[in-house]
Number of protein chains: 2
Amino acid sequence: MTYYQKLEQHAKKLSKISHLSAICSWDQAAKMPEGGNAARSEAMAELALIHHELATAPSLTEWFARAETESLSKEQKISLQEMKRSWQNDNILPADLVEKKSLAGSKCEHAWRTQRKENNWHEFSQNLEAVVKLAREEAQIRAEATGLSRYDAMMALYEPGMTCEKIDSIFGQVKTWLPALIQQVRAKQASDQVITPKGPFPIAQQKALSLDIMGKLGFDFRHGRLDVSTHPFCGGVPTDVRITTRYDEADFTSALMGVIHETGHARYEQGLPEQWHGLPVGQARSMGVHESQSLFFEMQLSRSKPFIEILAPLAREAFDRNNDKALSTDNLALFSTRVEPGYIRVDADEVTYPAHIILRYEIERDLIEGKIEVADIPELWDKKMTEYLGLSTKGNFTDGCMQDIHWTDGSFGYFPSYTLGAMYAAQFMAAMRREMNVENLIRERNLQPIFNWLDRHVWKKASFLSTDNLLKEATGETLNPEHFKAHLESRYLED
Amino acid sequence: MTYYQKLEQHAKKLSKISHLSAICSWDQAAKMPEGGNAARSEAMAELALIHHELATAPSLTEWFARAETESLSKEQKISLQEMKRSWQNDNILPADLVEKKSLAGSKCEHAWRTQRKENNWHEFSQNLEAVVKLAREEAQIRAEATGLSRYDAMMALYEPGMTCEKIDSIFGQVKTWLPALIQQVRAKQASDQVITPKGPFPIAQQKALSLDIMGKLGFDFRHGRLDVSTHPFCGGVPTDVRITTRYDEADFTSALMGVIHETGHARYEQGLPEQWHGLPVGQARSMGVHESQSLFFEMQLSRSKPFIEILAPLAREAFDRNNDKALSTDNLALFSTRVEPGYIRVDADEVTYPAHIILRYEIERDLIEGKIEVADIPELWDKKMTEYLGLSTKGNFTDGCMQDIHWTDGSFGYFPSYTLGAMYAAQFMAAMRREMNVENLIRERNLQPIFNWLDRHVWKKASFLSTDNLLKEATGETLNPEHFKAHLESRYLED
Ligand SMILES: [Zn+2]
Ligand SMILES: [Zn+2]
């Protein structure tokens, strides 16, 4: 057996452990009764430990050195490189820092669940300071090992190849036009007569509609399922993708759009190349590319007028409301593209969402680079919210800087992926439109060419290309935020 | 840390791995989409390998030797003994035999799923011969290590302390009265006018009724749940017990009685002493004792007249059939205690069931001891079925010697546990009746004293007592099959 083969076998072993961990996490979120949690958490921690021990086995250093001298195919070379990247990510941090991080993160997150409700920034900030201190240590170690800046080294965990330099430039451009665009859209929508659909929308019917739409969007039910959890997610493994949603009897659109979003994530997973399952190179390219697929399905595809023309009659039929004007195609189209600045990121529409991300990015970048401290966050948050969205969060920590879970466990560097995903999605759509008449295809109920394009250009590429090259091969250029701007202008300012 | 403590820590680690394995097995049977199976099976096999490597770690030999010289409490001594028993069971077989067994078992079971339908004994018997050959090797090794006979050594995996000598005596007694009893019951029931409940019984209503009855039987939904699978089972872990059933629109009683049966298994698991969770001594005593709890709930409790008085009105209400005579208390009582010899063990009633078990026991005992060969099975099966139940299986392998899954993967020694469980259950009920008026308690809807008795005498004892001593402490005597006989006579021949 060659060293490359030994490394492949080892990576597949790790992947099998991750498989069971993913299924048990899904179960914990979607099925497990409350009283099972303590023992389950301990069992999961044990499996994580076993994974970590295997992932950091001392023999791997030599295996990688030797494998690099072996004669490998072009694909194997990239596979080796991705295995090495994954191994380095797992190995860089000293064990005691990993443990301290885990403890501080659990403590901060656990307390946050109560403190957020109580608007208790004072106590929360003390836990967060501990988390930030360790995140800075982590960033320093990762920076030294990779030659990147501290924040770039953190971002590389989620969005390899992305740097502050690029993001500052991209987000900088967005900031020049976004606040004005929001105002224009608001002005244009001011005269729209939008009817909010009125519940109850029985959950059984919402579920049936969700499954129907998932089917139409090509979700493969032989390799996945839909369930319910408090916080919707896409989990499981490529051969068995578990997506979840949360139904609200008063509003069917939130669950439905959530299901469509997760279906985008799911199709990426289900579409990954089978012959590379279980290896790092066979995984999704990055969090941003993953989000590009969910946002392609949710934003580019499903909130488009021609798709609403498919969706609206199905909704009227599902809820047996043939004469409900709120479920007319025109009204649902208006309702699905309504723009309104708000405090909460996860509730934000497509137009105001980037403002939430830019704000978080600017704060967490400076926090990790040591330019600001935890104590500075509330004021900065208020200032930026006011500047970008015209909303003050003074004294309102609950709906301000305490609303997200990401920082509580030290996941700094993740936020940009959301907006990068929206931009990649717009760029994919622009490229696709050059090859086919997407609107006509949707009107003809012929979505297959659209899925085929994504499958060929994104899903089947897995991690064989850098994000830059993936974009270049698929769209002819690296990330160009103009496509996102054009998409927003076209959807929200034209016609 | 003492060696005893090291062993405890090690056992808990193994238990955490088994925890995740149990949840993923449940998922595989109850939730997993078909296309997830191949990767899941591989992932589960990897976890089993990790478990096996830990369970057979070379250092354990010394740890056990040293722990035995340490000063331990009485409970710790029993705990140590149970850890050692578990360790020896896992360690006795050479690795290549374990692997050969696993391969031959998978092959035989996989082919059996088709061969049974095709009545193809000829090809099945060739696979079974390979399985039996390896099972005999296993039995020989286990016999040498334990000083037991070969079949006893196999049975010790499921029913420690039980021997052929005892079973031959017990089953021998049963054979003297069972065929005549069956005839008497049949004669008595001949004039009964029983109406078979007619479907459809909508699954949603069956499920609601099942959950209601589970609640009344004390199932703790904070620590467990009910789902659907092709083959009903009780899985999961004590803090999170997963039971399953299979609904049939045409017949609500099969799923309901199945749910009640699994609820008995579940309450045993949920009732195990929390402070010993994760250690061998904290587990259920044996397969037979486990089955005694499910059969106590299903047979002793739920098919009793006073319980049917609770159940029948709930069923009428659940299915909105207030005037359906088939759901009258009297009819459901008759229907739930109908006795009819049949070919299929899993469909058998309480009275004929032991005949199916005795037949299998006699055959598998002689097979493992080398007194008969696989080729002899069909003739023996036909002869014994004719003798015990008056039914010939000549040429009918599908409903004869090919009906069970147990032998396909070499689980010889398991079958007696079913009938031992029925006998333990009858003996528990007889003892309970000496302390309280069980029928009155049921009529008063006051089941708590019944559950308390089981909790005190069985559930909380976990594996601290041998089965003999558990029975003696709970009932004043070791296994006495007269209680089972008296139960059958009282229920089926009196009034
Ligand atoms: Zn997403
Ligand atoms: Zn059972």
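**Figure 1. Zinc site of chain A.** In sequence, the residues that donate to the zinc ion (ligand 1) follow the spacing H-x3-H-x25-E. The site brings together distant parts of the chain, since A:H261 belongs to helix α10 (residues 252–271) of chain A and A:E291 to helix α11 (residues 287–302) of chain A, 30 residues apart. The model shown here and in the following views is predicted. The protein donors are A:H261 (NE2), A:H265 (NE2) and A:E291 (OE), and they lie 2.1 to 2.4 Å from the zinc ion (ligand 1). A:H261 has a relative accessible area of 12% and is therefore buried, the limit for this class being under 20%. A:E291, at 10% relative accessibility, is likewise counted as buried.

**Figure 2. Zinc site of chain B.** The zinc ion (ligand 2) is coordinated at 2.1 to 2.4 Å by B:H261 (NE2), B:H265 (NE2) and B:E291 (OE). Two of these residues link distant parts of the chain: B:H265 is located in helix α10 (residues 252–271) of chain B and B:E291 in helix α11 of chain B, 26 residues apart. The donor residues of the zinc ion (ligand 2) are spaced H-x3-H-x25-E in sequence. Both B:H265, at 9% relative accessibility, and B:E291, with a relative accessible area of 9%, are buried.

**Figure 3. Packing of helices α11 and α16 in chain B.** Helix α11 (residues 287–302) of chain B packs with helix α16 (residues 416–435) of chain B at an angle of about 60 degrees, and their axes are 7 Å apart. At this angle, α11(B) is oblique to α16(B). The contact involves B:M287, B:G288, B:V289, B:E291, B:S292, B:Q293, B:L295, B:F296 and B:Q300 from α11(B), together with residues of α16(B) that include B:Y418, B:G421, B:A425, B:F428 and B:M432. The crossing of α11(B) past α16(B) is right-handed. B:E291, a residue of this contact, is also a donor to the zinc ion (ligand 2).

**Figure 4. Packing of helices α14 and α16 in chain A.** The axes of helix α14 (residues 353–368) of chain A and helix α16 (residues 416–435) of chain A are 8 Å apart, and the two helices pack at an angle of about 140 degrees. The pair α14(A) and α16(A) is therefore oblique. α14(A) makes a left-handed crossing with α16(A). The residues in contact are A:Y353, A:P354, A:I357, A:Y361 and A:E364 of α14(A), and A:P416, A:Y418 and A:T419 of α16(A). Six of the residues in this contact are nonpolar, one is polar and one is charged.

**Figure 5. Buried residues of helix α13 in chain B.** Within helix α13 (residues 329–336) of chain B, the residues B:T329, B:N331, B:L332, B:A333 and B:S336 are buried. The buried residues of α13(B) pack against α10 and α12 (305–318) of chain B. Helix α10 of chain B also contains B:H265, a donor to the zinc ion (ligand 2).

**Figure 6. Surroundings of B:A55.** B:A55 is located in helix α2 (residues 37–55) of chain B. With a relative accessible area of 4%, B:A55 is buried. Apart from neighbours within four places in sequence, the contacts of B:A55 are B:H10, B:L14, B:L60, B:W87, B:D90 and B:N91. B:A187 is 132 residues from B:A55 in sequence, and their C-alpha atoms are 55 Å apart in space.

Key:
Residues numbered from 1 in each chain as written. Chains lettered and ligands numbered in written order. Predicted model: local features only at pLDDT ≥ 70, side-chain atom pairs only at ≥ 80, totals over all residues. Heavy atoms only, no water. Donors = N, O, S within 2.8 Å, 3.2 Å for Na, K, Ca; no water. Helix = DSSP H or I, 4+ residues; strand = E, 2+ residues; numbered from the N terminus. Buried < 20%, exposed > 50% of the residue type's maximum accessible area, 1.4 Å probe, protein only. Axes fitted to C-alpha atoms, helices over the stretch in contact; angles between N-to-C directions. Parallel < 35°, antiparallel > 145°, perpendicular 65-115°, else oblique. Left-handed = near helix turned anticlockwise from the far one by under 90°. Contact = heavy atoms within 4.5 Å. Nonpolar A, V, L, I, M, F, W, Y, C, P; charged D, E, K, R; others polar.
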